[in-house]
Amino acid sequence: MNEFLAKIAPNLVNLYPEMLKAIFETFYMVAVSGIISTVAGTIMGITLVVTQEGGILENRIVNSILGKIINIFRSIPFIILLAAIIPLTRLLVGTTIGTRGALVPLIFGCTPFIARQIESALLEIDKGVIEAAQSMGSGPFGIIFRVMLLEGLPGIIHSLTITIISLIGLSAMAGTVGGGGLGDFAIRYGYQYFQTDVMVATIIVLLIIVNVIQFVGDILSKITTH
Amino acid sequence: MIWLKNINKIYTSKTNTVEALKNVNLHIKAGEIFGIIGYSGAGKSTLIRCINLLEKPTSGEVIVNGKNLTRLSPRELRKSREKIGMIFQNFNLMKNRTVFENVAYPLKRKGFSKNEIEKKVLDLLRLVELNDKIKVYPSQLSGGQKQRVGIARALANDPEVLLCDEATSALDPQTTQSILKLLKGINENLKLTIVVITHQMEVVKEICQRVAVIDSGEIVEQGNIIDIFTNPKAPITKKFISSLFHYEKIYDFLEKGSSMGELKQVTQGESIVKISFTGQKTGQAFISKISRKFKIDASILFGNVEIIQNVPIGNLIVKLNGTDESIDNSIAYLEENSIHVEYVGIKNDSDKLKVGSN
């Protein structure tokens, strides 16, 4: 078995520990930036929905300012954002390289995306249900936590699945700018050293990761839909 | 119980303003079922939402159970809303909660123990006859069952008032009847004041004691249901009533004529009248009486009796044949006996007489 592997993927056998490290780094970047941007993005998404015209906490100023900030960040291509916010990254985490350096641009790139995804998931909720909750005496926070988040849960899970998958893609890009992770690994060994087996192996690993996430997301979305 | 005083609601957008409610005054008494009927767009939904302030009136006062809701702080208003239950045309149940959880929703976070909530919810579900569907999600229920869950949920806070916003409009006639029966039972047993918004005269006929008719944001007529049914004044009320009694067909028939030649021919000495009677008086007996007494021929072209609030209300369209004098005397005699008579179609040489459709 080992001989066979050494024959078809000679470089991979040597780089095996490196690759495990890269996988771990990718998980680290996706997990940390994913959690932070999910929290921030969910808060922003909820804010967008409740402050919009006719919302339960209608506030045109907040809505329009937040909407514009989100649009600005969404319109900057990630690769440019990576470079553009370097000073901010240095300020926040003390470094611009390594996985820690990648976290800041990942969070900035991902949060506005999640905010819009959560917004559209929450806009799907029947307005009548919210009205019914109001008629029963629920206040804005009761409605957000006990009605909107619960009724919007399948949609939220669905959009988080999409987000995590695209976050893997973003983390690969961040990796090339001194980050680490699978993107960095594949570019360095697979592309720059022409080690095709490394490139293929990385793609297979990514394929598995993405499919597992999609599969789990679909199941969760399904069991929360009634 | 509920007082609406000088309620105005104006929607303004950049392009235009819409007056949804114009100076609405209503008093709904404790323990009654009050109907508000109007066509779609008349402002009924806005009006019922002004009672629990889901819509804030532009001006005017809303007083429910002695409390002026228009003057309460948001927190106090929410507290007051707990005592004003509401059910909706589209039921508005939470899809991701079971029947039990939907009904338990208003009870949670109020300091009740788990056992208290469970007991209350099960009692309510028994009341609406859904105790076998406790763990089911709303998507597995029929429309009528969903509305029953809605009713149970609206009753969870022991409200004093129940607002029904087109509660039966999405249901088939049979289910409508069963929901109306349930509402009536709740009104009688729990002494709940119920406000019903509808465009269906059948609903008003079935359960309401008093009714207001709304048209283009204005209350055009209100009163006791029997008075409204026997003696509607506003044109729109007449329209609603005639659709219930199916007069329209017979008026069409009289106006346009029919294949039955002898009906459309109203010749000299003939009158077509609508005779309306309520309660124990039977139109039939009076018709044979006038026929004998005044020597006229009376043939019934159309007849209809509706039972409203246990009172039979009858309408007959009758062709009277005789001399002008005897017809006049007959009509005077009927009116003396408090039977309402209205000319529908008559024809002779005087031009005050015409075929009418009111």
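**Exercise 1.** Find which residues A:Gly101 is in contact with, leaving aside its neighbours within four places in sequence.

*Solution.* Apply the contact criterion: C-beta atoms, placed from the backbone, within 7 Å of each other. With those neighbours left aside, the partners of A:Gly101 are A:Thr89, A:Val93, A:Thr95, A:Thr96, A:Gly178 and A:Gly179. The model is predicted: local features need pLDDT of at least 70, side-chain atom pairs count only at pLDDT 80 or more, and totals for chains, interfaces and linings use all residues. Residues are numbered from 1 along each chain as its sequence is written, while chains are lettered from A and ligands numbered from 1 in the order in which they are written.

**Exercise 2.** Decide whether A:Gly101 is buried or exposed.

*Solution.* Count the other C-beta atoms within 10 Å, placed from the backbone: 20 or more means buried, 12 or fewer exposed, in between partly exposed. A:Gly101 is buried because the count is 23. A:Gly101 belongs to helix α6 (residues 98-123) of chain A; helices are DSSP runs of H or I, at least four residues, and strands are runs of E, at least two, numbered from the N terminus.

**Exercise 3.** Give the strand order of the open sheet in chain B and its edge strands.

*Solution.* Strands pair if DSSP finds at least two bridges between them. The 6 strands run β6-β7-β8-β3-β9-β10, with mixed pairing. The edges are β6 (84-87) and β10 (218-224) of chain B, each pairing on one side only. Within the sheet, β7 (residues 161-165) and β8 (residues 193-198) of chain B pair in the parallel sense over 5 bridges. In β8(B), B:Ile194 is the bridge partner of B:Leu162.

Note on methods:
Contact = placed C-beta atoms within 7 Å.
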